[in-house]
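Here are my notes on this entry, point by point. Please read them with the structure open.

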Amino acid sequence: MLKQSHLFTHTKKEAPKDEVSKNAQLLIRAGFVHKEMAGVYSYLPLGLRVLTHVERIIREEMDAIGGQEIRMATLHPADPWKKTGGWDAIDVLFKLKSRTDNEYALGQSEEEIVAPIAQEYAFSYKDLPIALYQIGQKYRDELRAKSGIMRGREFGMKDMYSFHTSQEDFDTFYEVVKKSYITIYERCGLTAKVTEASGGSFSTKISYEFMVLTDAGEDMILYCETCDYCINEEIAKIKEGDACPKCAKSSLKSGKASEVGNVFDLGQKYAKAFEFMYTDEKGEKHYPIMGCFGIGVTRLMGVVAEALSDEKGLVWPTELAPYSFHVLPLLGKDADVNARIMKEVDTLIATLDRKENGVLFDDRTDMSAGARFTDAELIGIPTRIVISEKSLEKGGAEVTNRHDGTTTIPSLESLTA
RNA sequence: CGGGGUGUAGUAUACCGGUAGUACGCAUGGUUUGGGACCAUGUUGACUGGGUUCGAUUCCCAGCACCCCGACCA
């Protein structure tokens, strides 16, 4: 339980004029994030809790499909980057020099680091497959940061790397991860489309992007409303209005979308660069096949803020909410009634704080009710519980659902059950 | 990186070549308390550097920062 009077952040009536994107405006106004510079944000108590919940969901789903969590360095030696060619080829790679002119890179993706780590342990086919993942900061030297926390120069990302003895084994795992990703987005309150896209700079094969329709997105996708066909317009050979090539039942629609994840078949590129080979049953040596699976953790939070919020403020899905219950007592002039309200509130909090993501307690009873309601709506906690003389007369507490705005008045006994 | 725009208090803004004004916030006191309450008092400011000028926050130049469009995008 957190007392709101204790929370060091406050809501703001106005967003800074240099923030245009909805996600940044709301997150700043509600005190979830603080902007350091273009594309770089710090996460404050409420924002960090949301981020932590996104990470927890991802961790659970990655563990469930056999991922093993590690934490790699973000300050990298230049050598592996030079070995794979990334040092010169990847223009977003931040490069730096020490006082003694040694060269380093900041991690923008970590194939160069993870491949040698896997190589240190995977000598035999018996050691494979392996799926290693981490959740941490990434750095990209973007020419233009934009869209609040959705495209930054420093951002949070989950990156998983897998190593396999055969294409079939990789393909199987590829499908497992795709399903797992869809589950993650659902738990985050979003519907993501699996979208065919280009393989980028390191693969000639197509990759899959996970796209959420939102005007704040940077990509245009073509999708079918009948089946799950979806393709990024950058590689599409068809156009809006054409019949769906998969089901032929609908004509394709075009929409703006934000990429909240991607999966790549990296083949043997990195294994070859590092001479990473394992020994098979016959004693022969082979390069493993490698996959890369990313989810932009901070961008995901930004897309949720964009997609779910309304004119009153943020709206958090159940699992991501910084707190699940916003308890808000309203006091009057009668000291006895006030004492009773606060006693009921104590009991209620003791129960609710053990459930889901716990309680934010608006103990600022000296503030006007309107200001506190407005704050609550801006912060976007899913369930608001008001206890007042009025609510007690009606038989309990007023429970308002932030998602649909409906209010019910259950008894206090049922709430503490 | 190409193009465009903007830099005034914690935030949003106004005016101005000559003492920088307002609102919100914040502080103190008092009155309030079911939809961003009110009164009083107080508090805080011209991105950096150069130039023009008697005098620059204002005009000019450069730099920096931020935003937007495009390009780019593991």
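**Notes on the model**

1. Phenylalanine 32 touches Leu27, Leu44, Leu46, Gly47 and Val50, leaving aside residues up to four places away in sequence. Contact here requires C-beta atoms, placed from the backbone, within 7 Å. Phenylalanine 32 sits in the loop between α1 (22-29) and β2 (33-37). Helices (H or I, at least four residues) and strands (E, at least two) are DSSP runs, numbered from the N terminus.

2. Is phenylalanine 32 buried or exposed? Phenylalanine 32 is buried, because 28 other C-beta atoms lie within 10 Å. The cut-offs: buried means 20 or more other C-beta atoms within 10 Å of the residue's own, exposed 12 or fewer, partly exposed in between, with C-beta atoms placed from the backbone. Glycine 47 is 15 residues from phenylalanine 32 in sequence, yet their C-alpha atoms are 4.0 Å apart.

3. A word on the basis. This is a predicted model: local features need pLDDT of at least 70, side-chain atom pairs count only at pLDDT 80 or more, and totals for chains, interfaces and linings use all residues. Residues are numbered from 1 along each chain as its sequence is written, while chains are lettered from A and ligands numbered from 1 in the order in which they are written.

4. Now the RNA. There are 42 residues around RNA strand B, and Asp18, Ala38, Ala369, Gly370 and Ser388 come nearest. Near means a C-beta atom, placed from the backbone, within 6 Å. α10 (369-379), β20 (383-388) and α11 (389-393) each supply at least two residues of this surface. The largest share, 8 residues, comes from α10. By type, the surface near RNA strand B has 13 nonpolar, 14 polar and 15 charged residues. Ala, Val, Leu, Ile, Met, Phe, Trp, Tyr, Cys and Pro count as nonpolar, Asp, Glu, Lys and Arg as charged, and the others, Gly among them, as polar.

5. The open sheet has 6 strands in the order β1-β19-β18-β20-β21-β22, with mixed pairing. Pairing takes at least two DSSP bridges between two strands. β20 and β21 (398-401) pair antiparallel over 4 bridges. Valine 386 has glutamate 398 of β21 as its bridge partner.

6. Chain A is assigned domain 1 (9-308) and domain 2 (325-416), with bounds from an automatic or database domain assignment. Their C-alpha centres lie 40 Å apart. In contact are 5 residues of domain 1 and 4 residues of domain 2.

Key
Contact = placed C-beta atoms within 7 Å.
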